[in-house]
Amino acid sequence: MTRQAVGSATAALTRSLLVGLTLLWLVGVVGSGFVLKRLIDVKSDDEMQESGAILMSLIRHTDDLLVTAAVMGETRPPDGSGAPHHRYVFQVRDATGHLLLRSNHAPAQPFDVPMREGLIDAPPWRVLTLAEPATQRWVHFADPLAERRDALYESLLWLMLPLAGVLAFAVLIVYRASRSLTRQVQQTALAVSRQDPQALGML
């Protein structure tokens with residue numbers, strides 16, 4: 001076996017290992033992305049349901065929606081205080097669908113969702129609908145889907161960076177191992193050629 005043939009064989013082996021490691025890395029990232037998305041959705045839905053339950057409790061125990069708005073913090077911030085981050089928004093509607101109350105950052109038009117309890121995606125929102133039969137009021141509690149998407153991308157980024165470092169380290173190990181294997185094969189071939197040149201031709 002000539003030096004060129006040995007080099008070609010080790011190069012092919014190195015490429016195969018690197019492609020395999022890269023594919024394994026990509027599969028791991030994609031699989032982790034699905035798991036992370038599921039976890040983020042479950043956590044966000046739980047938080048939204050807890051906040052929605054608090055709002056429903058206020059509506060259930062007071063007939064004055066202005067009191068509800070004040071308790072939920074629907075007051076204009078003082079000048080110069082900066083624009084606070086608002087994640088959740090809500091709307092309160094009557095049995096006919098008329099909008100009775102909304103948070104400052106909620107859409108002016110009612111959410112385009114069915115008037116039944118449950119969670120539903122209504123881009124760009126994830127909307128939780130709750131009903132209060134005693135007052136015949138409906139509450140839509142909404143979470144922007146962009147928040148969840150940004151959280152997923154950030155989590156994937158911090159996951160991919162360490163894995164990319166591991167992949168780079170694996171590439172270095174494979175490269176050094178292939179170089180070492182090439183030298184060992186060449187030394188063996190050289191030793192055989194010195195003892196029996198015909199045997200080297202058979203390799």
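Which residue in β5 is the bridge partner of Asp 94? The partner is Arg 137. This is a predicted model, in which local features need pLDDT of at least 70, side-chain atom pairs count only at pLDDT 80 or more, and totals for chains, interfaces and linings use all residues. Residues are numbered from 1 along each chain as its sequence is written, and side-chain values use heavy atoms, with hydrogens and water left out.

**Sheet**
- An open, antiparallel sheet is built from five strands in the order β2-β1-β5-β4-β3.
- Strands are DSSP runs (E, at least two residues), as are helices (H or I, at least four), numbered from the N terminus; two strands pair if DSSP finds at least two bridges between them.
- At the edges stand β2 (99-102) and β3 (118-122), each of which pairs on one side only.
- Strand β1 (residues 89-94) runs antiparallel to β5 (residues 137-144), and six bridges join them.

**Nonpolar cores**
- A nonpolar core is a set of buried Ala, Val, Leu, Ile, Met, Phe, Trp, Tyr and Cys residues joined through side-chain atoms within 4.5 Å.
- Buried means under 20% relative accessible area, exposed over 50%, and partly exposed in between (1.4 Å probe, protein chains only).
- The largest core has eleven residues, including Met 48, Phe 90 and Val 139.
- Helix α1 gives the most to this core, with four residues.
- Another core, of eight residues, lies apart from it and includes Phe 111 and Ala 142.

**Loops**
- Pro 124 lies in the loop between β3 and β4, and a cis peptide bond with omega of about 5 degrees joins Pro 123 to Pro 124.
- Gln 136, in the loop between β4 and β5, has a positive phi of about 55 degrees although it is not a glycine.
- Gln 136 counts as exposed because its relative accessibility is 53%.
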